[in-house]
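Let's take a walk through this structure and look at where its two ligands sit. Keep the 3D view open as you read.

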Amino acid sequence: MATKIWVILQQQNGELNALSKETLAAGAHLARLTDGSMEGVLLGSGIDVLADEIAGEIDMTALHVADDPLLERYTPEGYAGVLTGAIRRSAPDYLLFPHTYQSMDYFPRLAQRVDGVLVPGVEAVSEEEGSIVWTRPVLGGKLQSRVRVKTDFVGRPVLASIQSGAYSGEEAPSGTAARSPLPVPADEIGSPREILAEEQAAEDEVDLSKANVIVAAGRGVGGEEKMQVIHDLADTLGAEVGASRPVIDNEWLPRDRQIGSSGQTVAPKLYIAVGISGAIQHLVGMKGSGVVVAVNKDPNAPIFSVADYGIVGDLHEVLPALTEAIRGAKG
Amino acid sequence: MKIAVCIKQVPDTEARLRVGPDGRWIEEEDLPFIINENDEFALEEAISWAEETDGEVTVFTLGPPRATEALRKALALGAAEAVHLEDRSFQDGDAISTGRALAAAISRGDFDLVFTGSQTDDLGFGATGSVLAEVLGWPHAWLVMGVELDDGEEALQVVREMEGGMNQRIRVPLPAVIEVQAGINHPRYASLRGIMKAKRKPIETPSPSDLGLDAQAVGAAGAGLELLSVSFPPSSEGAELIEGEPEEAAAALVEKLEKEARVL
Ligand SMILES: Cc1cc2nc3c(=O)[nH]c(=O)nc-3n(C[C@H](O)[C@H](O)[C@H](O)COP(=O)(O)OP(=O)(O)OC[C@H]3O[C@@H](n4cnc5c(N)ncnc54)[C@H](O)[C@@H]3O)c2cc1C
Ligand SMILES: Nc1ncnc2c1ncn2[C@@H]1O[C@H](COP(=O)(O)O)[C@@H](O)[C@H]1O
């Protein structure tokens, strides 16, 4: 097939984000599957040092660098504008993006603009009977889907984003890459948006990142008035209480208790997930935990695939029993 | 203001899901369907904006006949009229073909502002609103947690989520597409009067050609992505499941946490 694969690297303040390395590992994997060559793309301002570092570290056919004061601050129009021209000139077959909020903010627009095929949130890439098959979560992560580009769309650029944890950054191939400059067309990257401020979403009163034990409540708890079982268990364990996003959105707990991609990232020794299904946006915030326990009434809940121990059952029966058992054990 | 809002009817993922006979999607028969969670918030945002600006809301959905129920609910909550892309050829698309069809429908009206959700709970592309914005040539904002009017009626101030618990405040000129995130507001309940009134409100069902679109360019035919199968995640590498009555299971778990995992 001999394809050209672009990996769009994401940097902030001259540092590569961790998921970019994982995306390079995905790119190398896709290159093996399609007899392709991998090239990197890096956008920003004052990124010369970083670009040299990457070019000296990663095995790629090329590293395309758009280093321009106009790209000092990320805007969707800026990034989509630079990449539109680049795609039209060089016609890559695949563009892999790290599945970050930044990529998700602009690459759907880019896909529409270059008439490409859009595959967000990929967890695995494989080859089946001559076509590339992408695995991505559906139905809130409860199921996985396998998708591919329809035959009559083959030949259009495929723009996919790679989910955190899908590939290991250590498998990004070492070697070198030849740097080449990427044009920044000033008249095509103007943004109508004006960035006014960046601020903390919640006054971080509790810093869950230092907690040893966390009892995390999910929507399955069923209501603010039913939260007592969570607090009882946490008190008995001397644990902090955390939560999935719906618990926060419903105001059963304040926002500074939210764990996940739009909340805090935690890594306690023991994480007890109660009535949490295990959507990827939650998992990215707690996957560094030591021992994970899940209590859920649904044996198929994806949380069980990241847990060490699980109890399938109604949390309102299991939790009081668990609290009792721990009290007993502590004497 | 003239406001459009896009809502999708999705399976209630709280229900017991089963893979359908052809393996390509879940069995939809007997499944409860609800308005996508993000879209409930988008709808509330649209209706309260219309109230504050003395405007009107038109609600758009692309979906099979059952999606009428979602539109009726939106009309009961206060939307003035509805557009249902119900034609067979619109269905089973991806974010791009769905975004293009919705954009074509919306561009027939003279809207100042479009609200969508940030992500669906079924296909979960997180992209349809942005594609729609690109087709319309309007700015978008994704993962929006706050919207205010700025400078008269010319622009909005928008608070959008970024990674790691940070927010960004931006100004975007109107017209714009605002992709709402769950938790932005408190969705209201429908009143009995609202439900009665909704029965008389119009639902338009344009065909692709009514929108100036080729039937081959929308829905499954216009989508670059093809769904091959769905399956439950493999449970093999998963947790050690502890069985028994709550008391037994709890005692067994505590023992394991003490002796095996040594975390108590
Ligand atoms: C951009 C973006 C950012 C996001 N950021 C975050 C984030 O930071 N953190 C986060 O958590 N989510 C985040 N989400 C939301 C995420 O996608 C999921 O919707 C959310 O994590 C689901 O929360 P949940 O598991 O509590 O609820 P659900 O998915 O509704 O799961 C509830 C679970 O409870 C179980 N249950 C129900 N009743 C009982 C009972 N009686 N006993 C035992 N079990 C029961 C059910 O079986 C189910 O598994 C984000 C989403 C988007 C699009
Ligand atoms: N079939 C549809 N009908 C109406 N709106 C939709 C449809 N699909 C997606 N949307 C809108 O686009 C948003 C993002 O959807 P998605 O890209 O599927 O995650 C949703 O929250 C809806 O507001």
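Now zoom in on the polar contacts. Ser277(A) brings a polar side-chain atom to 2.7 Å from an oxygen atom of ligand 1. His282(A) also uses its side chain, with an N or O atom 2.9 Å from an oxygen atom of the ligand. How much of ligand 1 does the protein cover? On its own the ligand has 990 Å² of accessible area, and the protein covers 90% of that.

## Ligand 2 in chain B

Next, hop over to ligand 2. There are 20 residues around it, and Asp39(B), Leu62(B), Thr120(B), Gly126(B) and Thr128(B) come nearest. The space that ligand 2 takes is the second largest pocket.

Which parts of chain B build the shell here? At least two residues each come from β4 (56–62), α3 (95–107), β6 (113–117) and α4 (128–136). β4(B) supplies the largest share, three residues. By class, you'll find eleven polar, seven nonpolar and two charged residues in the shell around ligand 2.

| Residue | Atom in the residue | Atom in ligand 2 | Distance |
|---|---|---|---|
| Leu62(B) | backbone N or O | nitrogen | 2.8 Å |
| Ala127(B) | backbone N or O | oxygen | 2.9 Å |
| Asn36(B) | polar side-chain atom | oxygen | 3.5 Å |

Taken alone, ligand 2 exposes 480 Å², and the protein buries 98% of that.

## Two backbone details

Before you go, have a look at the backbone. Most residues other than glycine have a negative phi, and most peptide bonds are trans. Where might you look for exceptions?

One is in chain B, where a cis peptide bond joins Leu174(B) and Pro175(B), with omega at about -5°. To find the spot, follow the chain into the loop between β9 (166–173) and β10 (176–180) of chain B, where Pro175(B) is found.

Another is in chain A. Asn13(A) isn't a glycine, yet its phi is positive, near 50°. Asn13(A) is found in a loop too, this one between β2 (11–12) and β3 (15–16) of chain A.

## How confident is the prediction?

Finally, check the scores. The model as a whole gets ipTM 0.96 and pTM 0.96. For chain B, the mean pLDDT is 95, and 99% of its residues reach 70 or more.

Methods: Residues numbered from 1 in each chain as written. Chains lettered and ligands numbered in written order. Predicted model: local features only at pLDDT ≥ 70, side-chain atom pairs only at ≥ 80, totals over all residues. Heavy atoms only, no water. Near = heavy atom within 4 Å. Polar contact = N/O pair within 3.5 Å; in protein donor to acceptor, adjacent residues only side chain to side chain. Areas by Shrake-Rupley, 256 points an atom, 1.4 Å probe, with all protein chains shown as cover. 1 Å grid on protein atoms, 1.4 Å probe; cavity = no way out; pocket = protein on both sides within 12 Å on 5 of 7 lines; lining within 4 Å. Sits in = over half its atoms within 2 Å of the grid points. Helix = DSSP H or I, 4+ residues; strand = E, 2+ residues; numbered from the N terminus. Nonpolar A, V, L, I, M, F, W, Y, C, P; charged D, E, K, R; others polar. pLDDT = per-residue confidence, 0-100.
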